[in-house]
Amino acid sequence: MSADLYPLLKYVHVSCVVVTYLLFLLRGVWMLRDSALLRARWVRVVPHSVDAVLLASAIGLVMIIRQYPGIHGWLTAKIVAVLLYVLLGMAAFRFLARRPARVAAWMAAQATFAYIVLVALVRDPFPL
């Protein structure tokens, strides 16, 4: 993959990061309000579509910068945190029945998301 694509892929990736977080935040607010909007079809489809583009752009960026999980600590930490973020999101929106537990999982997912962004910005698994 050509390094000439790096600026475009980075722009796509960062844009998807913003959109995916805003959608996660919106879904969480709807969850807190018990809104029927949370059950709309597009709410189940659009976030997954954005996340697919996010993943594809991440793979492209990894190939361009030639830094790989398992070799580079910051990228390994980021991927582990992404998996935790996904699990917490699934717990908040699908698996947990009690509202306090769902809210706690949603808040923990947001903290995990902040960690992911910090790791990406400083390329260090211990960003603080």
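Helix H2 has 25 residues, which at 1.5 Å a residue should span 36 Å, and its end C-alpha atoms are 37 Å apart, so the two values agree; the expected span is 1.5 Å times one less than the number of residues in the helix. This is a predicted model, in which local features need pLDDT of at least 70 and side-chain atom pairs count only at pLDDT 80 or more, while totals for chains, interfaces and linings use all residues. Residues are numbered from 1 along each chain as its sequence is written, and side-chain values use heavy atoms, with hydrogens and water left out. The secondary structure of the protein comes to 4 helices and 0 strands, where helices (H or I, at least four residues) and strands (E, at least two) are DSSP runs numbered from the N terminus.

**Overall picture**

- From the N terminus on, the elements run α-α-α-α, and the C-alpha trace spans about 45 × 30 × 20 Å along its principal axes.
- Of the 128 residues in the protein, 32% are buried, a word that here means under 20% relative accessible area, whereas exposed means over 50% and partly exposed lies in between (1.4 Å probe, protein chains only).
- Among contacts between residues at least 6 apart in sequence, 67% join residues at least 24 apart, a contact being heavy atoms within 4.5 Å.
- The protein exposes about 8,100 Å², of which carbon and sulfur atoms supply 71%; accessible areas come from the Shrake-Rupley method with a 1.4 Å probe, and for residues only the protein chains shown count as cover.

- The buried residues of H2 are Val43, Pro47, Val50, Leu54, Ser57, Gly60, Leu61, Val62 and Ile64, and what covers them includes H1 and H3.
- After H2 comes Arg66, whose phi is positive, near 55°.
- Helix H4 (residues 99-122) has 24 residues and reaches 35 Å from its first C-alpha to its last, close to the 34 Å expected at 1.5 Å a residue.
- In H4, the residues Arg102, Ala105, Trp106, Ala109, Gln110, Thr112, Phe113, Ile116 and Val119 are buried, and they pack against helix H1 (6-32) and helix H3 (73-95).
- An α-helix has 3.6 residues a turn, so residues three or four places apart point the same way.
- H4 is followed by Arg123, whose phi is also positive, near 50°.

**Aromatic pairs**

- The count comes to 5 aromatic pairs, under a rule by which rings of Phe, Tyr and Trp (its six-membered ring) pair if their centres lie within 6.5 Å, with planes under 30 degrees apart counted as stacked, over 60 as edge-to-face and the rest as tilted.
- One of them joins Phe24 and Phe93 edge-to-face, at 5.4 Å centre to centre and with 85° between the planes; this pair links distant parts of the chain, since Phe24 is in helix H1 and Phe93 in helix H3, 69 residues apart.
- Phe24 is buried, with a relative accessible area of 5%, and Phe93 also counts as buried, at 16% relative accessibility.
- The rings of Trp30 and Trp42 have centres 6.1 Å apart and planes at 85°, so this pair is edge-to-face; Trp30 lies in helix H1 and Trp42 in helix H2 (residues 41-65), 12 residues apart.
- Trp30 counts as buried at 12% relative accessibility, whereas Trp42, at 41%, counts as partly exposed.
- Ring pairs link Tyr21, Phe24, Tyr85, Phe93 and Phe113 into a cluster.

**The salt bridge**

- Side chains of opposite charge can pair when their charged atoms come close.
- The structure holds 1 salt bridge, defined as a side-chain nitrogen of Lys or Arg within 4 Å of a carboxyl oxygen of Asp or Glu, and in it the side chains of Asp34 and Arg99 meet (3.7 Å, N to O).
- Asp34 lies in the loop between H1 and H2 and Arg99 in helix H4, so the pair ties together parts that are 65 residues apart in sequence.
- Asp34 counts as exposed at 60% relative accessibility, while Arg99 is partly exposed, with a relative accessible area of 40%.
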